[in-house]
Amino acid sequence: MPELLEIKGLDARYGDFQALYGVDMTVSAGEVVAVIGANGAGKTTLMRSISGLIRNGADMVRYRGNAIGALRADQVAAQGVALVPEGRLLFQSLSVEENLIIGGQMGRKGPWNLRRLYDLFPILEERRNVPATALSGGQQQMVAIGRALMSNPDLLMMDEISLGLAPVIIRQIYEALPGIVGEGLTAIVVEQDIAKALSVSSRVICLQEGRVSLSGKSGDVTRDAISRAYFGV
Amino acid sequence: MDWLNAILQGTLLGGLYAMFAAGLSLIFGVMRLVNIAHGDLIVLSAYLALTVAVGLGLNPMLALVIVVPLMAAIGYALQRLVLNRTMGDDILPPLLVTFGLSVIIQNALLTVYTADPQKLNAGAIETASVPLGPLTVGIMPVIVFAAAVGVIGLLQWMFYHTALGRAFRATSDRQDIAQLMGLNRAHVFGLAMAICLAVTALAGVFLGMRTSFDPAVGGTRLIFGFEAVIIGGLGNLWGTLAGGVILGVAQTVGAKIHPGFQILAGHIVFLLILAVRPRGLFPRMD
Amino acid sequence: MQTVSRSTPLSRAAMTVLLLIVVLMAAAPYWAGRAELRLLGEVFLYLSLATLWNLLAGYAGLVSVGQQAFVGLGGYGFFAATMLWGLSPLAALPIVFVLGAVISAPVAVLIFRLRGAYFAIGTWVVAEVFRLSFAQVAALGGGSGSSLPSAIVKQLAEGRDQREAVAYWLALGVAVAVVGAVFLLLRSRQGVALTAIRDNELAAKSLGIDIWRTKFTVYVATAALTSLVGALIFLQKLRISPDAAFSANDWTAFVIFIVVIGGIGTVEGPIIGTLVFFALRETLADLGTTYLIALGAVAIIIMLRAPKGLWGLVRGKRGLELFPLSRRVMGQGD
């Protein structure tokens, strides 16, 4: 039985600039893995590489044993990988509801539909017909998460979902997380807030200047080890 | 009364121009592509209808049943095989490639059909007319105008109320994120061009029934469509219809003043509107 | 010690060869037959048009498909100046140049409101307006056009051979002037600004470059020179009509193909493109429409496969330059 996601020797470029060097990482079905690291460490590049927005060597990324590293983003999405991108990036010409519907347009079967999403984030139902970009930052983040869930993914990746949001909103969103991850969903969470990252994850990976500098169980890693891995001191 | 008649005829003519423009407007909205060969594709449709109508002995209206899907298929293939390779931040490749395409289509039509003017013969309906108060209106121009209103209404509905329209708008907003939703950009663009050329086919057949055409008239049709888009305001389909009507009226009124003044009057009105309202009369898109 | 240098041994050799070719070409009326002289004159006029369009589209990012507006304006301006205002042909040429600049300035103000590809179609509308307007001018023959009266032609020189030689030298002169002017412009501060805009408009703006003014200057200068070339084209033809003067095929399609095939955004590209274009035309022109279809197809393939054109392929990664534009930092060892 292969791991759900297996990354081996991933070198990724962002334009002319190499952002990842030989990254190795595995994610087993049902776990929540946190990816931490300073700004520019390569976290977003890693997310974009897994989701197919950056295309690499086919064998560098394997999903359920299939080489997906060279696939286009829509092909990766069709296999059940969803990304909540950094900065939310909602479709501004679409209403809240349309943003959610388009997330589910591949028609993958699963527990998530509009009804359940509205139960999870009732405010979105109230504002379903307004343009998505007319919402507050926290509500937009709910739409971005909802849009990813609507595709009924097996692997959900969330890139800096608390960036720029008020602490109250962040707490709300993270309180919803267990309910989301509970049903057999596997998740990768990219987070600047290390305490938050450790509390929601079972394993943690730290990136530093494009390389994996630490990898271990979230409960086991010490503060010291993290700060060494984080800052390289 | 003559002036009123000129305005009425111009309004009806504007429907045809709006159809030239609707396809341009659609592909610009979805993928920011301006197709220099658009006018030549309109003329190509007219010639295909001619071949189908003469070959099968059909009325050109019935030839639409073949020409519209055929042009849609050509559009999809053209986008997937050629134009998608030119899409990016640089405007030069799409411009120059569609420019080359324009020259190819024009000369291919010359080779196959010669430079002799042709016309699609729709039969008695061409000359039929009904009285409207003190004026008379031709049935054919009314059909064309009604078709234009229908096409624009349909495109509007498709754009704002269907899954395909949602995909178009999402891709237009953020190509990469739309890809994350499982939308293959290359396919979405192909569909946009297919719909564009389906509308183009309709426009071409109506053009061929209203006036005679030859392989060289495509450029002017592109310009008329483009003027209607800019007058109406980018990204607004109903505005495009208004733009077409304004252009049509300017031309018929211009012709009334002096026969040599017809086309020139349209261009001058366009340039005036560009000078006074550079974003068009009803802009929606930046 | 380090110095910044632009020339390389290759570019110095190229400049020497170029100089020799210009001298040889200047002597052409003494060694070439009448037909060859005509052809060479046409080559130089196309070379000028291509170089100017390349400056516009390849450097200033102003992709115009309506440069026939200024070719025709120059031709008609030349005919009007000589036939209606009684100027001698040589005196008419500077007038045409000024006319091109004066007319193009308000045109630029208007069509610069259109962005990118829509700008391109806007230039086409302007060309159509010019064509339709000149077709209304009865004094210049209206829609059917007019011929240059022989009394005016004779002012150029007495005999036919001398006249053709003078027309040829004017064509050669304008080509040398245009290529030289574009080369010097690109070497100047203005040229650096232009390249900066092409490479990154936002960054150029933050460096304090006035983008609108830079583009406006290039557009007007190009229009003035294109008008001058137009005057010479119709001095060679001796006959003008709206359709010939404002032909999108002759003055824009061919010119664009020349630049794309040769290599857009390089000084060498239009020169190579012109040579290829005439070589093809002289061997394949009998094919008529097939020739044009092939030309369009070649241009598309080049745009898709080798967007830097033939010169880009030759130049490769080594950055060969016949016209020294890049600055190179030379170390002591060099």
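In the predicted model, strand β1 (residues 5-14) of chain A pairs with strand β4 (residues 61-63) of chain A. The two strands are antiparallel, and three bridges connect them. Within this pairing, A:Glu6 lies opposite A:Arg62 of β4(A).

Both strands belong to an open, four-stranded sheet. Its order in chain A is β2-β1-β4-β5, and the pairing is antiparallel. The edges are taken by β2 (17-27) and β5 (66-67) of chain A. Each has a single partner strand, so one side of each lacks a neighbour in the sheet. Helix α1 (residues 43-51) of chain A lies across β1, β2 and β4 of chain A. The helix runs at about 115 degrees to β1(A).

A further open sheet in chain A contains six strands. Here the order is β6-β7-β8-β3-β9-β10, with mixed pairing. Strands β6 (81-84) and β10 (211-217) of chain A form the edges, and each pairs on one side only. On average, neighbouring strands of this sheet are turned by 15 degrees against each other, direction ignored.

A:Val32 faces its opposite residue, A:Ala187, in β8(A). Helix α6 (residues 137-149) of chain A packs on the sheet. Its contacts there are with β6 and β7 (155-159) of chain A. The direction of helix α6 makes about 175 degrees with that of β6(A).

Conventions
Residues numbered from 1 in each chain as written. Chains lettered and ligands numbered in written order. Predicted model: local features only at pLDDT ≥ 70, side-chain atom pairs only at ≥ 80, totals over all residues. Heavy atoms only, no water. Pairing = 2+ DSSP bridges. Contact = heavy atoms within 4.5 Å. Axes fitted to C-alpha atoms, helices over the stretch in contact; angles between N-to-C directions.
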